[in-house]
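Subject: Structure handover and findings

Dear colleague,

I am passing on the structure that you will be working with from here. Please open it beside this message, as my notes on what was found follow directly after it.

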Amino acid sequence: MNQTKYLYYPKEVSKAKICLESEDGRHRVTLGNITCDFCGLGAVIVDEDILYIPTIKGQEYHLREEPNCLFYGGRGSAKSTTGRWDAHIRALMYPGFTYVILRRTFPELQRSHLSFIDYEMSKLGGTFHHTDKIAIYPNGSRGTFAHCQDDKDVLKLLSAEYGLAVFDELTTFEWEMFLKLAASVRVPVGSGYKALVRGLTNPLGVSASEVLQYFVTKDVDPETNIDYNPHDWHAIKANLGDNPHLDKTEYLKRFTGFSVAVRKAWIEGEFVDEAALFDFKPTVEGQSYHVINEMPTIGGRYILEYAW
């Protein structure tokens with residue numbers, strides 16, 4: 001008689017198809033394994049309870065090895081959850097590991113991370129110190145949760161050393177603030193792991209242009225930053241369709257009344273100019289649309305004029 005025991009995530013069948021390869025839409029993990037029997041995604045399991053299985057884009061995020069990696073796209077694409085669990089996983093893998101997860105304001109930090117951390121740390125065998133906002137793991141690893149609303153908050157963090165820094169909603173950070181804090185990411189010789197900087201973001205915010213330039217298009221002027229190496233920067237785009245947990249039809253109703261630019265950023269995950277007067281498109285289907293490389297002429301004479 002077959003006594004094979006399975007774990008399911010989620011435990012109950014729902015309308016959402018969480019695992020795209022299984023008939024009932026649930027991940028199934030054979031007891032003793034750590035990957036879904038159908039799709040092969042890895043799972044975090046404690047006491048026969050599956051705590052976390054990433055999305056397909058989340059799995060890619062966990063596996064990237066570049067020093068700087070961006071996970072960006074529309075709202076509701078599981079970026080914050082993926083970033084926090086990536087920090088958990090690394091803290092459990094490497095005894096004594098340290099990380100910091102950052103938001104610009106404390107209310108944002110509370111909503112995105114602190115509301116979940118007590119439960120997660122209790123299941124992982126650790127504790128969370130509410131006064132200092134520090135997660136303490138049973139192997140001695142520590143994770144700091146902080147906000148950076150102004151330069152005073154930045155100064156408090158600059159003297160610390162982290163193996164991983166996660167900037168949640170990276171485009172809301174001033175670029176100079178990001179660069180200063182990223183410099184605190186370093187690891188001791190012989191640690192066995194790399195120093196990593198990770199950004200999670202919607203493509204709207206004060207540093208959106210720099211984030212696009214460094215992580216996505218990689219068109220940084222070498223005279224502006226002589227140390228920039230495009231191979232050290234990577235970007236992963238995810239949108240609503242990449243998060244099987246979300247009721248997309250109902251969620252999209254929340255964007256009624258927003259401008260075209262905001263909708264493109266928050267739904268499609270596109271970098272846009274919030275002040276644009278129309279839906280700016282440099283190209284359409286590979287052809288120039290709102291941007292031309294040279295002025296058109298007839299008989300050698302320009303047919304367009306421009307003024308400053």
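Tyr 228 has a relative accessibility of 14%, so it counts as buried, where buried means under 20% relative accessible area, exposed means over 50% and partly exposed lies in between, with a 1.4 Å probe and protein chains only. This is a predicted model, in which local features need pLDDT of at least 70 and side-chain atom pairs count only at pLDDT 80 or more, while totals for chains, interfaces and linings use all residues. Residues are numbered from 1 along each chain as its sequence is written, and side-chain values use heavy atoms, with hydrogens and water left out.

Aromatic pairs

A search of the whole structure finds 18 aromatic pairs; rings of Phe, Tyr and Trp (for Trp, the six-membered ring) pair if their centres lie within 6.5 Å, and planes under 30 degrees apart count as stacked, over 60 as edge-to-face and the rest as tilted. One of these pairs joins Tyr 52 and Trp 85, whose ring centres are 5.2 Å apart and whose planes meet at 5 degrees, so the pair is stacked. Because Tyr 52 lies in strand E4 and Trp 85 in helix H2, this pair ties together parts that are 33 residues apart in sequence; helices (H or I, at least four residues) and strands (E, at least two) are DSSP runs, numbered from the N terminus. Both Tyr 52 and Trp 85 are buried.

Tyr 228 belongs to an aromatic pair with Tyr 214 that is edge-to-face, at 5.2 Å centre to centre and with 80 degrees between the planes. This pair links distant parts of the chain, 14 residues apart, since Tyr 214 sits in helix H6 (residues 208–217) and Tyr 228 in the loop between H6 and strand E12 (233–238). Tyr 214 is likewise buried, with a relative accessible area of 7%. Tyr 214 and Tyr 228 are also part of one aromatic cluster, formed together with Phe 167, Phe 173, Trp 175, Phe 178, Phe 215 and Trp 233.

The chain as a whole

The chain has eight helices and 16 strands, and 42% of its 308 residues count as buried. Of the contacts in the chain with a separation of 6 or more, 60% are between residues 24 or more positions apart, a contact being heavy atoms within 4.5 Å.

Pocket and cavity

Two kinds of space were searched for on a 1 Å grid over the protein atoms alone: a cavity is a set of points where a 1.4 Å probe fits but cannot get out, and a pocket is an open set with protein on both sides within 12 Å along at least five of seven lines, lining residues having an atom within 4 Å of a point. Grid points are joined across faces, edges and corners, and a volume is the space filled by probe spheres set on the points.

The largest pocket has a volume of about 1,000 Å³. It is lined by 36 residues, of which Ala 78, Lys 79, Ser 80, Thr 81 and Ser 112 are the closest to its centre. Strand E4 (49–52), helix H2 (79–93) and helix H3 (106–123) each supply at least two residues of this lining. By class, the lining of the largest pocket has 14 nonpolar, 12 polar and 10 charged residues, where Ala, Val, Leu, Ile, Met, Phe, Trp, Tyr, Cys and Pro count as nonpolar, Asp, Glu, Lys and Arg as charged, and the others, Gly among them, as polar.

The search also finds one cavity of 30 Å³ or more, and about 40 Å³ of space lies in the largest cavity. Its lining consists of Val 100, Leu 102, Leu 157, Tyr 162, Ala 165, Leu 181 and Ser 184, which by class gives six nonpolar, one polar and no charged residues.

Backbone details

The peptide bond from Tyr 9 to Pro 10 is cis, with omega near -5 degrees, and Pro 10 is placed in the loop between strand E1 (6–9) and strand E2 (27–30). Glu 169, a residue other than glycine, has a positive phi near 60 degrees; Glu 169 is in the loop between strand E10 (164–168) and helix H5 (175–182) and, at 13% relative accessibility, counts as buried. Lys 218 also has a positive phi, of about 55 degrees, although it is not a glycine, and at 31% relative accessibility Lys 218 counts as partly exposed.

With kind regards
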